[in-house]
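Trainee: I would like to go through a protein structure step by step. Could we look at the sequence and the model together?

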Amino acid sequence: DDGRHPATAPRLPHHHPQEIMHAIRSDLSEFKCGLAHLFLHHTSASLTLNENYDPDVQTDTETFLSRIVPEGPSAPWRHTIEGSDDMPAHIKSSMFGCALTIPITDGRLNMGTWQGIWLCEHRDYATPRTIVITLSGI
């Protein structure tokens, strides 16, 4: 396994703990203490930790991003060769980032009760996304 795992998502942010856990479960169980590093190979999507219970949080997050980063013909962006949603996607990706580091404790990702891993797709038409997951520790 080269550590790359494809993930896809529609425009709204989606949490993906099951996909990620399936990919790393057997390796993760070997760690008493460590770190899981997740890195997204793309510039028009992002990773973040956020509320994983109420789906309104995902909708509200997309509403917020759409308000602060305009799209469409009236947007001021020059980079439009890949579509009018591409430059806004790059900006949104920069806001959230493409990497997460999560503690590992006793073979589990040590996240808060309501925290979930979100793959945020910022393009109108999602393409397959690759997340590289690196585990280290003892």
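Mentor: What follows is a set of questions and answers on this structure. It is a predicted model, in which local features need pLDDT of at least 70 and side-chain atom pairs count only at pLDDT 80 or more, while totals for chains, interfaces and linings use all residues. Residues are numbered from 1 along each chain as its sequence is written, and side-chain values use heavy atoms, with hydrogens and water left out.

Trainee: Which pattern does the protein follow along the sequence?

Mentor: Helices (H or I, at least four residues) and strands (E, at least two) are DSSP runs, numbered from the N terminus. The protein has three helices and eight strands. Read along the sequence, the pattern is β-β-α-β-β-α-α-β-β-β-β.

Trainee: What share of the residues of the protein count as buried?

Mentor: Buried means under 20% relative accessible area, exposed means over 50%, and partly exposed is in between, with a 1.4 Å probe and protein chains only. The protein has 138 residues, and the buried share of them is 39%.

Trainee: Why do H2 and H3 count as oblique to each other?

Mentor: Axes are lines fitted to C-alpha atoms, for helices over the stretch in contact, and angles run from 0 to 180 degrees between N-to-C directions. Helix H2 covers residues 56-68, and its axis lies 11 Å from that of H3, at an angle of about 120 degrees. Angles under 35 degrees count as roughly parallel, over 145 as roughly antiparallel, 65 to 115 as roughly perpendicular and the rest as oblique. The two helices, H2 and H3, are therefore oblique.

Trainee: Which residues are joined with Lys92 into one salt-bridge network?

Mentor: A salt bridge is a side-chain nitrogen of Lys or Arg within 4 Å of a carboxyl oxygen of Asp or Glu. Lys92 forms one with Glu71, the closest N and O atoms being 2.9 Å apart, and one with Glu62, at 4.0 Å. Glu62 lies in helix H2 and Lys92 in helix H3, so this pair ties together parts 30 residues apart in sequence. Through shared partners, Lys92 is in one network with Glu62 and Glu71.

Trainee: Is Lys92 buried or exposed?

Mentor: The relative accessibility of Lys92 is 0%. At its own value, Lys92 counts as buried.

Trainee: How far apart are the closest N and O atoms of Glu121 and Arg129?

Mentor: The whole structure has six salt bridges. Glu121 and Arg129 are both buried. They form a salt bridge, and the closest N and O atoms are apart by 2.8 Å.

Trainee: Which residue has a positive phi although it is not a glycine?

Mentor: Most residues other than glycine have a negative phi. The residue in question lies in the loop between strand E5 (99-105) and strand E6 (108-109). With a phi of about 50 degrees, it is Asp106.

Trainee: Where does Met95 lie?

Mentor: Met95 is partly exposed, with a relative accessible area of 41%. The stretch that holds Met95 runs over residues 86-96, and it is helix H3.
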